[in-house]
Amino acid sequence: MFKGTTIVCIRRENRVAMAGDGQVTLGNQIIKAGAKKVRRLHKGSVIAGFAGSTADAMTLLERFEKRLEENSGDLMRSAVSLVKEWRTDRALRRLEALMLVADEKLTLMLSGAGDVLEPENNVAAIGSGSGFAQAAGLALLESTDWAPSRIAARSIEIASQICIYTDSIVTVEAIGE
């Protein structure tokens, strides 16, 4: 489990939003409260969030963006290509991170173990507060008519009240809203 971050992705119809907290920890100390762990890629058509070592995640985001360019923005093909390289490359397989990526049609969770998973229930989460954010996201998705960006932000805020490695400084990126 990665300490120091929570990322959640909410999908409703043709709209998707991803939110992340801003806390970065080193051991038991907060190093930064406003880090941006959710980003837009491929001319804004893809959103990505990461949990884990910041340097490792930045390396993976850079590689993933290259895959998106090579595959004309095809999310699944780019994800499979990245995960294959991540798992087999000597240097990359040591990277400790998880990624959530989404476009207008698809949400995927990527790992160095070779996983390319499409989450169920239109909610996905990674990081230390993922269980809390996912539960909040599911409840809000079922019980409100809120836009995905509002649900994602509120899910992070709720997780921050429970998980000591998650703060309430939230970055949200959305597609289709």
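What follows is a short walk from the whole chain to a sheet and then to a pair of hairpins.

Before you start, note that this is a predicted model, in which local features need pLDDT of at least 70 and side-chain atom pairs count only at pLDDT 80 or more, while totals for chains, interfaces and linings use all residues. Residues are numbered from 1 along each chain as its sequence is written, and side-chain values use heavy atoms, with hydrogens and water left out.

**Stop 1: the whole protein.** Select everything. You will find four helices and 11 strands, where helices (H or I, at least four residues) and strands (E, at least two) are DSSP runs numbered from the N terminus. The C-alpha trace spans about 40 × 40 × 25 Å along its principal axes. Of the 177 residues, 49% count as buried; buried means under 20% relative accessible area, exposed over 50%, and partly exposed in between, with a 1.4 Å probe and protein chains only.

**Stop 2: the open sheet.** Now select β10, β1, β2 and β11, which form an open sheet in that order with antiparallel pairing. Two strands pair if DSSP finds at least two bridges between them. Which strands stand at the edges? They are β10 (123-127) and β11 (170-175), each with a single partner strand, so one side of each has no neighbour in the sheet. Next, pick β1 (residues 6-12), which is joined to β10 by five bridges. Show C9 here: opposite C9 stands A124 in β10.

Go back to β7 (residues 97-102), which runs antiparallel to β8 and is joined to β8 by five bridges. V101 has L108 as its bridge partner in β8, and the hairpin from β7 to β8 passes through four residues.

Then move on to β9 (residues 116-117), which pairs with β8 in the antiparallel sense over two bridges. Here M109 has L117 as its bridge partner. Four residues lie between β8 and β9 in this hairpin, and in the turn G114 has a positive phi of about 100°.
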